[in-house]
Amino acid sequence: MNEHTNYWMRKRFSRRTALRGAAGVGVGASGYALVGCGNDDDADVQPNGEDDDAPQEQPTPSGEPQHGGSLSWLISSSPPSLDPYTQTSFVNAYVNGVSYSRLVRFAAGVPEVEPTDFTMEPDLAESMPESPDELTWVFTLRDGIRFHDVEPTNGRELTSEDVAYAIRRYKDDEDSVHRSLWAFVDSVETPDDRTVRINTREPYADTVQVAGGNLASYIVPQEHAETDDVVNRMVGSGPFIHESFDPDNNLHWRRNPDFFEEPYPYLDETTVFIVTDQTQRLEQFVSGDVDLTWIHLAEERDRIREQRPDAGFDEQQGIGGYIYMRTDQPPFNDKRVRQALSMGINREAIREAVTAGEGEPDQVVFVGYEFATPVEDLGEISRYWEYDPAEARALLDAAIGEGENIETTWSHADAAIYQQAYVDTATLSMATLREVGFDIEQQEAPYSEYISTTYQGDYEGMGHSPRAVSYHLDYLTERLSFADGERARINLSYVDNPDLEELLARQRAQFDFDERLETIREIEQLVGEEQYEVYFSTDTRSYFWNPIVQNYRPHAWFPYTHLMKAWKDQ
Amino acid sequence: MTQYIIKRLLTSVLVLVFISVIVFAGVRVIPGDVCAIIAGDRVEPAQCAAIERELGLDEPAPRQYLTWMGGIMQGDFGRSLTQRTDVLNDIGRRVPPTVQLTLMSTGFALALALPIGVYSAARQDRFADYFLRILTIGWLSIPNFWLGAMLIVLLSSWFNYIPPLGYVNIWDDPLRNLEQLYLPAFALGLALSASIARITRSSMLEVLRQDYVRTARAKGLHEWSVVGTHALRNALIPVITLFALQFGVLFGGTVIIETIFNVPGLGRLLLTAVLSKDYPTVQGLVLLFAVVLVTINLIVDISYAWLDPRIRYS
């Protein structure tokens, strides 16, 4: 089963990195490493002459594990609520995993696991689930799991009923925002206190990933979940007991002495500081006041490396952004216009200006997955990723008439949350697109306005968003679905293509990864030809940590459960 | 005098009611959907309707306004839409850092500005005067958000120093508290100190030309006694006026400075609430700011009337 979930994301610069890394990551990844081995460039040699392309070799922990100590880290904004049932915020995912447990979890945190490795390992379950018929998933819980010894659970035992309650609540409760995520589940049974049987409506290949993901997976006890307290306090069975939440200031936890998995956690306590200002976050780490920092782009990364050469460091390919557009109405219902849009963007120039030339140059629909076909291997349709103003103009002439221009809008958020590189990408793109014949009105909005209007599909013309790399493949395909006459919530391009719909449904039920990969190839071709979404290059994301923190490695989805495996050299 | 105070009080109440209507309407005309903020960017329409029902957002706006104002009269500012906590409690918890930051900023501004203003006036048109005037104009020109960011970057780069994270109350740990707040207080107070220094200089120059000052000098008093004892006290009246009016600017400045320096005060609460469209918190906070500013203006007006009886009849 792991081979289906052990995806490996390419690191920055080139596919050579991916191939090298994939070979050492696991059975599943090595199986995909044959993909796209045709182009092996040397663009990854850094200005300082070092080949920075190599996967970051992470040192093995020095010495014996040590109990005790405190670890501090940073997040960029206050969680809107700590209630896992009502939140899809990534900030929630960060902190929920410290106090709450899941059936399975990312096998993250230790040096040998890459930040983007999706491999799951047992959490509440004593082993990975059995699935005798691809419709039933049987999880056996560990013996003697207890909730935290605080009100209202007071250390009572966690049983299969608690797990069933949580899944049903995610799936059915009116307040749950995760109902569609769990919609593949038909029923949950609890034959005994330690057995949870999940019956799915149809074969669903991503079941384990959903059960262990960073959202909608946390087991919150009923007596806590149904109180208002759940908004500001976490009471679970995870490695750390939540002690305080001071919005806009910090959250604090102490070690759970009754945690079900000895010898974790090693740390006595951990605190996350909520620091909105990026400069402040960077300087807090540089000056040694916090132990972990994250998601720094190229310039900031270089500065930290210069000032903290001792710091632990890891890096991964970022996710880049994409343009979505109203393909259900003119002018973007004509694929020639969409193709012209893609060919009117100078991705290379943008990459040089915004991300110091770093990042994967061209991205297809499955961003971040090692198995994604490189654009140049897409064949004839790869030309839509090339900057070719003349060809773009010719496509526009054919679509709307010679010499005619398209008047449209480009809606995006400001830089407060998505950072300046995102806004710069939009501005630079518009400059070249105007030369081709797109008269674009730039509509910039505060994040809250953007996320609740444009990002809900309430826009005309075009929108622009960072892309979400997901730990389960079906999340990405949900972006393109128009099943049963209803637009999927994040199908922001209003894609409604029966052929695509059939492919999306098919891959969901394919447990054999090679088979699923064949379907994915078809999706890539279809989406690439149609240009329903226009993708930018990715960037690189950096993570740093205090070198006295041992047995630690960051993870791309940040449910900080994996802090339990870290210790500090005292 | 009593009639004047009553008239001013009634005007202030009307101003506050007007502001409350503006605030109430303002947060509602901002595009965006509170459901998506509360329930995430993948919320479904049915869930959205349930959220709006629960929060009373499906009621007509006038009824929502009356409900809100009725609550305010009884000390009920409502519940935060995102945190589901009592807004008045939330505001109460954030008052100490902001009040302390504002007091430290003003204390810093006065301590810097008064000596500069007095010295500059006493040395009019000499090198020291020119130097201090250029200096204060420079301070006035520096945006506090830029100064704050520079302080953080430069202190960290040069001295590997940055104030500690995790705000603590001054009563719990005074030294740590002061270490956390002195830099934001400096960044916030510098521009104010420049304004006060310049008005102090102008005011001092005017007073120093008065007959009674010439008389004091003629009596053979030491120059600093003339300046410090006889002139400064009278020159402070416009300074106090400016200081009172600038208090509102300081309060507004906390929104940015608290964000840059990670101070969990009212300014940061306001920013978070605006970004998350947390109507009750935004309304409560803006109303609080309005009450503070209107009260300060009221006190200044009444003080003027008390100091200068002609104002009452105008």
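This is a predicted model: local features need pLDDT of at least 70, side-chain atom pairs count only at pLDDT 80 or more; totals for chains, interfaces and linings use all residues.
Helices (H or I, at least four residues) and strands (E, at least two) are taken as DSSP runs and numbered from the N terminus. Residues are numbered from 1 along each chain as its sequence is written, chains are lettered from A and ligands numbered from 1 in the order in which they are written, and side-chain values use heavy atoms, with hydrogens and water left out.

In chain A, A:D248 occupies the loop between β7 (240-246) and β8. The phi angle of A:D248 is near 65 degrees, a positive value in a residue other than glycine. A:D248 is also buried, at a relative accessible area of 4%, where buried denotes under 20% relative accessible area, exposed over 50%, and partly exposed in between (1.4 Å probe, protein chains only). A positive phi, of about 55 degrees, is likewise found at A:A356, which is not a glycine. A:A356 is placed in the loop between α11 (347-354) and α12 (389-400) of chain A.

Cis peptide bonds were also identified in chain A. The bond from A:E151 to A:P152 is cis, with omega near 5 degrees, and A:P152 belongs to the loop between β4 (136-140) and α5 (160-172). A:Y264 and A:P265 are joined by a cis peptide bond with omega of about -10 degrees; A:P265 lies in the loop between β8 (250-255) and β9 (269-274).

Helix α4 (residues 90-99) of chain A is largely enclosed by the rest of the structure, because nine of its 10 residues are buried. Among these buried residues are A:V91, A:Y94, A:V95 and A:V98, together with A:N92, A:N96 and A:S99. The elements that cover the buried residues of α4(A) include β1 (70-75), β7, β8, β9 and β10 (292-296) of chain A.

Chain B contains 13 helices and zero strands. Its C-alpha trace spans about 85 × 60 × 35 Å along the principal axes. Of the 314 residues in chain B, 46% are buried. Among contacts in chain B (heavy atoms within 4.5 Å) with a separation of 6 or more, 70% are between residues 24 or more positions apart.

Chain B is divided into domain 1 (35-76) and domain 2 (88-307), with bounds that come from an automatic or database domain assignment. The C-alpha centres of the two domains are 38 Å apart. Five residues of domain 1 are in contact with seven residues of domain 2. The area buried between these domains (the accessible area, with a 1.4 Å probe, that two parts lose on being put together, summed over both) is about 490 Å², 79% of it on carbon and sulfur atoms. The side of domain 1 that touches domain 2 comprises four nonpolar residues, one polar and no charged. In this classification Ala, Val, Leu, Ile, Met, Phe, Trp, Tyr, Cys and Pro count as nonpolar, Asp, Glu, Lys and Arg as charged, and the others, Gly among them, as polar. Zero salt bridges are found across the domain interface, a salt bridge being a side-chain nitrogen of Lys or Arg within 4 Å of a carboxyl oxygen of Asp or Glu.

Between the chains, the contact takes 45 residues from chain B and 49 residues from chain A. Chain B and chain A bury about 3,900 Å² between them, with carbon and sulfur atoms giving 46%. Three salt bridges are found across this interface; one of them links A:D228 and B:R79, whose closest N and O atoms are 3.0 Å apart. The elements of chain B that each supply at least two residues of the side touching chain A are α2 (34-39), α3 (45-55), α5 (87-122), α7 (144-159), α10 (223-260) and α11 (266-275). By class, that side of chain B has 22 nonpolar, 13 polar and 10 charged residues.

B:T85 is located in the loop between α4 (61-73) and α5 of chain B. Leaving aside neighbours within four places in sequence, B:T85 is in contact with A:N232, B:G78, B:R79, B:S80 and B:D90. The side chains of B:T85 and B:D90 are joined by a polar contact of 2.7 Å. A polar contact is a pair of N or O atoms within 3.5 Å; within protein, one must be able to donate a hydrogen and the other to accept it, and residues adjacent in sequence count only if both atoms are side-chain atoms.
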